[in-house]
Amino acid sequence: MYVASTIGCGSGWVKSGMDGCYKFVTQDKKTWTEARGMCQDMGGDLVSLETMDEIYWIRGYRSYHSALRPEWLWLGGYRVDNKWMWRGKLADTPIGITDWAGKEPQDIPAENCLAMFGDEKEWPATHWFRWLNIVCDYKYGYICEKSMT
């Protein structure tokens with residue numbers, strides 16, 4: 001079930017049914033590092049999707065809001081020593097549950113950051129709102145996550 005409100009999250013943030021707060025930024029394109037810095041400036045970090053419930057909630061929220069649908073958005077994952085990790089405030093953690101699009105992640109050395117596809121017609125529907133690895137210096141929108149206030 002789709003649930004969202006701003007109660008307990010602050011202006012511009014939405015609360016999921018799982019006690020997390022999310023901010024979807026699509027107008028201000030940033031590199032992965034810049035996006036992470038922007039999220040931290042707002043009291044959060046790039047989103048870490050650690051449960052299937054959270055993955056499905058983000059997918060559902062994006063598909064419900066037409067302005068969020070076409071965008072590729074940065075997530076908080078990155079690759080180091082050929083392992084995928086979530087960035088954390090205190091410590092980074094290995095990515096356990098994944099939602100890669102078909103043929104992802106690709107083994108291209110420069111593609112070390114994690115993003116989420118939009119619903120562009122050039123990609124099959126099986127890719128929509130799923131993960132891909134991409135060059136960290138590209139500029140996309142991003143999803144921030146923070147705890148409720």
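Hi everyone. Before we start, one cut-off: a residue is called buried when its relative accessible area is under 20%, exposed when that area is over 50%, and partly exposed in between. By that cut-off Cys-39, with a relative accessible area of 0%, is buried. Please keep in mind that we are looking at a predicted model.

Let me begin with the overall fold. The chain has two helices and nine strands, and reading along the sequence gives the pattern β-β-α-β-α-β-β-β-β-β-β. The radius of gyration is 14 Å, close to the 15 Å that the globule rule gives for 149 residues, so the chain is as compact as a globular protein of that length. If you like to think in boxes, the C-alpha atoms fill one of roughly 40 × 35 × 30 Å along the principal axes.

How much of the chain is buried? Of its 149 residues, 48% count as buried. The accessible surface comes to about 7,700 Å², and carbon and sulfur atoms hold 54% of that area.

Now to the disulfides. How many does a search of the whole structure find? The search gives three. As a reminder, a disulfide is a covalent bond between the sulfur atoms of two cysteines. If you number the bonded cysteines in sequence order, the pairing reads 1-2, 3-6, 4-5.

Cys-9 sits in the segment before strand 1 (14-15), while Cys-21 belongs to strand 2 (residues 20-30), so to speak of sequence, the two are 12 residues apart. The link is left-handed, with -75° about the S-S bond. Are these two cysteines buried or exposed? Cys-9 counts as buried at 0% relative accessibility, and Cys-21 is buried with a relative accessible area of 0%.

Next comes the link that Cys-39 makes with Cys-144, with an S to S distance of 2.0 Å. This pair connects distant parts of the chain: Cys-39 is in helix 1 (residues 32-41) and Cys-144 is in strand 9 (residues 140-147), 105 residues apart. Why is this disulfide called left-handed? The torsion about the S-S bond is about -80°, and that gives the left-handed label.

Cys-113 lies in strand 7 (residues 113-116) and Cys-136 in the loop between strand 8 (131-134) and strand 9, so the pair ties together parts that are 23 residues apart in sequence. Both Cys-113 and Cys-136 are buried.

On to the charged side chains. The count comes to eight salt bridges, and I'll walk you through some of them. Which residue does Asp-119 meet in a salt bridge? The partner is Arg-69, at 2.8 Å from N to O. Asp-119 is in the loop between strand 7 and strand 8, and Arg-69 is in the loop between helix 2 (52-64) and strand 4 (73-80), which puts them 50 residues apart. Asp-119 counts as buried at 13% relative accessibility, whereas Arg-69, at 28%, counts as partly exposed.

Lys-30 and Asp-28 also meet through their side chains, with N to O at 3.5 Å. Why does Lys-30 count as buried? Its relative accessible area is 19%, and the cut-off for buried is under 20%. Asp-28, by contrast, is partly exposed at 30%.

Then there is Asp-92 with Arg-87, where the closest N and O atoms are 2.7 Å apart. Asp-92 is partly exposed, with a relative accessible area of 27%, and Arg-87 counts as partly exposed at 27%.

One more item for your viewers: Arg-59, Asp-99 and Arg-130 are linked in a network of salt bridges.

Notes:
Residues are numbered from 1 along each chain as its sequence is written. This is a predicted model: local features need pLDDT of at least 70, side-chain atom pairs count only at pLDDT 80 or more; totals for chains, interfaces and linings use all residues. Side-chain values use heavy atoms; hydrogens and water are left out. A disulfide is a pair of cysteine sulfur atoms within 2.5 Å. Helices (H or I, at least four residues) and strands (E, at least two) are DSSP runs, numbered from the N terminus. Buried means under 20% relative accessible area, exposed over 50%, partly exposed in between (1.4 Å probe, protein chains only). A salt bridge is a side-chain nitrogen of Lys or Arg within 4 Å of a carboxyl oxygen of Asp or Glu. The radius of gyration is taken over C-alpha atoms; the globule rule is 2.2 Å times the number of residues to the power 0.38. Accessible areas come from the Shrake-Rupley method with a 1.4 Å probe; for residues, only the protein chains shown count as cover.
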